[in-house]
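Subject: Structure for your review

Dear colleague,

Please find the structure below, followed by an account of what was found in it.

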Amino acid sequence: MQLDSRLKAVAGFVKEGSRVADIGTDHAYLAIYLIRSKRARFVIASDKNNGPYESAKRTVKSEGISDKEIQVRIGDGLSTIVPGEVDTICIAGMGGVLISEILESSPEVLAGVDILVLQPMNAAKELRIWLYEHHWYIADECLAVADGRIYEIIQAKRGERTVPPDVLLSIGPVLWEKKPDMLKHHIERLLFQAKRVATGMEKSRQAQKSDRYSDIQREIHELEEHLKW
């Protein structure tokens with residue numbers, strides 16, 4: 001079974017021998033890869049929708065994997081997990097705000113988890129802020145390209161750390177530290193998005209006087225500065 005570079009990057013942040021929950025599993029491809037590669041010894045492949053749930057069950061069965069290795073469950077967010085069942089949670093392909101809401105909704109499950117592997121489709125900055133505010137820190141990050149799009153993958157661990165500067169919460173503090181090949185493209189994409197917001201606000205005099213507009217202008221300046229190294 002072949003994973004795209006996005007899901008391979010997610011799998012790469014799972015420690016060997018982990019007990020994993022794959023939330024929003026879809027076809028259970030990540031779950032199967034984790035078992036086949038021995039990164040996980042047990043995976044709960046969970047989805048809230050019946051179609052993906054049935055698809056995941058068929059895929060796991062066709063791969064000849066027993067429910068001692070992968071259990072496919074249906075339910076919303078972390079509701080399918082009993083506290084203490086897993087030590088790692090993977091959530092890929094959802095918005096950053098939704099990911100933080102899923103994590104926040106089940107503190108009793110999260111209490112037994114050591115590692116989060118998260119791939120937000122948007123609002124990565126908001127997700128990073130949530131992590132630091134809830135006693136997690138970003139241990140590692142990477143970028144992956146799939147279907148012509150750059151994706152951010154975040155590995156978070158439990159613990160207290162100093163909150164990075166605002167611009168690095170946008171870029172990714174570990175990405176900035178590691179400076180992978182795609183970092184400039186990643187920052188340019190963030191800059192494009194910020195400028196698009198600013199252009200929209202410039203159509204209104206009231207919006208231009210707002211704190212939000214000042215924040216966007218500052219973000220644009222700081223992102224431009226971080227393109228120079």
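A residue is called buried under 20% relative accessible area, exposed over 50%, and partly exposed in between (1.4 Å probe, protein chains only). The model is predicted, so local features need pLDDT of at least 70 and side-chain atom pairs count only at pLDDT 80 or more, while totals for chains, interfaces and linings use all residues. Residues are numbered from 1 along each chain as its sequence is written, and side-chain values use heavy atoms, leaving out hydrogens and water.

Rings of Phe, Tyr and Trp (its six-membered ring) pair if their centres lie within 6.5 Å; planes under 30 degrees apart are stacked, over 60 edge-to-face, and the rest tilted. This rule gives one aromatic pair. Its members are Trp-176 and Trp-229, edge-to-face at 5.4 Å centre to centre with 90° between the planes. Trp-176 is buried, at 18% relative accessible area, whereas Trp-229 is partly exposed, at 46%.

Lys-179 lies over the face of Trp-176, 3.8 Å from the ring centre (NZ of Lys or CZ of Arg within 6 Å of the centre and within 35 degrees of the ring normal). Arg-6 is placed over the face of Tyr-151 in this way, at 5.6 Å.

Helix H3 (residues 50–62) deserves a look as well; helices are DSSP runs of H or I with at least four residues, and strands runs of E with at least two, numbered from the N terminus. Its buried residues are Tyr-53, Ser-55, Ala-56, Thr-59 and Val-60. The face turned away from them carries the exposed Arg-58, Lys-61 and Ser-62.

Yours sincerely

Note on methods:
Expected span 1.5 Å × (residues − 1).
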